[in-house]
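Thanks for asking me to look this one over. Below are my notes as numbered points, to read with the structure open beside you.

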Amino acid sequence: MRARVSRRAFLGAGAAILGAMRMPGDSAGGEILERPIPKTGERLPAVGLGTWQVFDVAGNAAEMAQARDTLRVFVERGGRVIDSSPMYGSSEAVTGQLAAELGVQAKLFVATKVWTSGKQAGIRQMEDSMKKLRVERLDLMQVHNLVDVSTHLTTLRDWKASGRVRYLGVTHYHAGAHADLEKVIARENVDFVQVNYSLVEPEAERRLLRVAADTRTAVIVNRPFAEGALFRRTKGQPLPDWAKDIGCASWAQFALKWVLADPAVTCVIPGTRNPAHAADNTGAATGPLPDPATRAKMTAHFASL
Ligand SMILES: NC(=O)c1ccc[n+]([C@@H]2O[C@H](COP(=O)([O-])OP(=O)(O)OC[C@H]3O[C@@H](n4cnc5c(N)ncnc54)[C@H](OP(=O)(O)O)[C@@H]3O)[C@@H](O)[C@H]2O)c1
């Protein structure tokens, strides 16, 4: 049975950890922090796994073995949300194959995307993705980079009504599209928005994350390390001493806990094919999160590097 920690109990027990907090609605599902999908209350582990580039490894036995180990470690540590796209080469097929080989299909919350124009092309692509991912029903289908968004959302509403997808959403990866994302989530009653947000690319906090919260739209954060650029800034730099007060053992955890400390965020999906990195990243969803003052200190510290 999963232990739930109420906010009051956590704050009481954790009063000794200065600068640390949990958000309303947070719960610890065993070891890993979970957050509710606002429109249904279904809970998801707060750290997921991105597959762009890293799972596009069909035909390379050594890289397939790395991807298999990464998925195994991710699930062992309580991870469930995995994100792919037909844009990511063989990633969907590799995800489907490895999930079947590891016997973890039932545990995963599988998200992918539609990335084409036209109703029939969208339907063909989504059906193809389901075959590659080896699922009868997708947990989440997202319109990738808002391509032909109205057309696909119309199809997806029908698919949701008939049970072929459980949730629908929209994605982008660039601040230049945040205003468009904002319009869509304000107008279209989508379940999820996926967007870039990190210490390197913090623009979503200006407006988009607040609009998501106001519209009860779940937020999946992509590019939490700005595609690795964050580690070029932190290279050779020690973590500040106070990072241990919020449970950070690495710069990756520093970056992910900073993202998760925004209460609008449901789940963050760092991409990796390194099992040790998968363990490091899921570790960010354990222990305390920074309170607003500590988070501001993290922002300032990162800016000083
Ligand atoms: N438009 C869209 O919908 C869109 C756009 C972009 C991304 N996405 C989704 O978001 C996911 C994440 O974004 P991303 O992959 O572009 O960038 P990211 O997660 O910000 O960064 C990935 C990079 O970080 C490294 N890394 C991961 N964990 C690490 C750790 N603990 N320590 C050190 N390095 C680590 C990875 O290398 P290693 O493999 O060596 O760990 C990889 O080079 C994608 O995979 C994709 O699923 C969606």
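How many residues surround the ligand, and which are the closest?

1. Please keep in mind throughout that this is a predicted model. The ligand is surrounded by 31 residues. Asp83, Asn145, Phe225, Thr272 and His277 are the closest of them. By type, the shell around the ligand holds 11 nonpolar, 14 polar and 6 charged residues. Helix H10 (residues 275-283) gives the largest share of that shell, with 3 residues.

2. An N or O atom in the side chain of Asn281 lies 2.8 Å from a nitrogen atom of the ligand. For Arg223, a backbone N or O atom is 3.2 Å from an oxygen atom of the ligand. Arg273 also has a backbone N or O atom by an oxygen atom of the ligand, at 3.3 Å. Taken alone, the ligand exposes 900 Å², and 85% of that is buried by the protein. If you are browsing the pockets, the largest pocket is the space taken by the ligand.

3. Now for Asn196, which sits in strand S10 (residues 192-196). Is Asn196 buried or exposed? Its relative accessible area is 1%, so Asn196 counts as buried, the cut-off being under 20%. The side chain of Asn196 makes a polar contact of 2.9 Å with the side chain of His178. A polar atom of the Asn196 side chain also lies 3.3 Å from the backbone nitrogen of His174.

4. Gln53 is not a glycine, yet has a positive phi of about 65 degrees. You will find Gln53 in the loop between strand S5 (49-50) and helix H2 (61-76). With a relative accessible area of 48%, Gln53 is partly exposed. Asp148, again not a glycine, has a positive phi of about 50 degrees. Asp148 belongs to the loop between strand S8 (138-143) and helix H5 (149-161). Its relative accessible area is 26%, so Asp148 is partly exposed as well.

5. My last point concerns Asp245, in the loop between helix H8 (229-234) and helix H9 (251-260). How far apart are Asp245 and Pro290 in sequence and in space? They are separated by 45 residues in sequence, while their C-alpha atoms are 8.7 Å apart. Asp245 is partly exposed, at a relative accessible area of 36%.

Note on methods:
Residues numbered from 1 in each chain as written. Predicted model: local features only at pLDDT ≥ 70, side-chain atom pairs only at ≥ 80, totals over all residues. Heavy atoms only, no water. Near = heavy atom within 4 Å. Polar contact = N/O pair within 3.5 Å; in protein donor to acceptor, adjacent residues only side chain to side chain. Areas by Shrake-Rupley, 256 points an atom, 1.4 Å probe, with all protein chains shown as cover. 1 Å grid on protein atoms, 1.4 Å probe; cavity = no way out; pocket = protein on both sides within 12 Å on 5 of 7 lines; lining within 4 Å. Sits in = over half its atoms within 2 Å of the grid points. Helix = DSSP H or I, 4+ residues; strand = E, 2+ residues; numbered from the N terminus. Nonpolar A, V, L, I, M, F, W, Y, C, P; charged D, E, K, R; others polar. Buried < 20%, exposed > 50% of the residue type's maximum accessible area, 1.4 Å probe, protein only.
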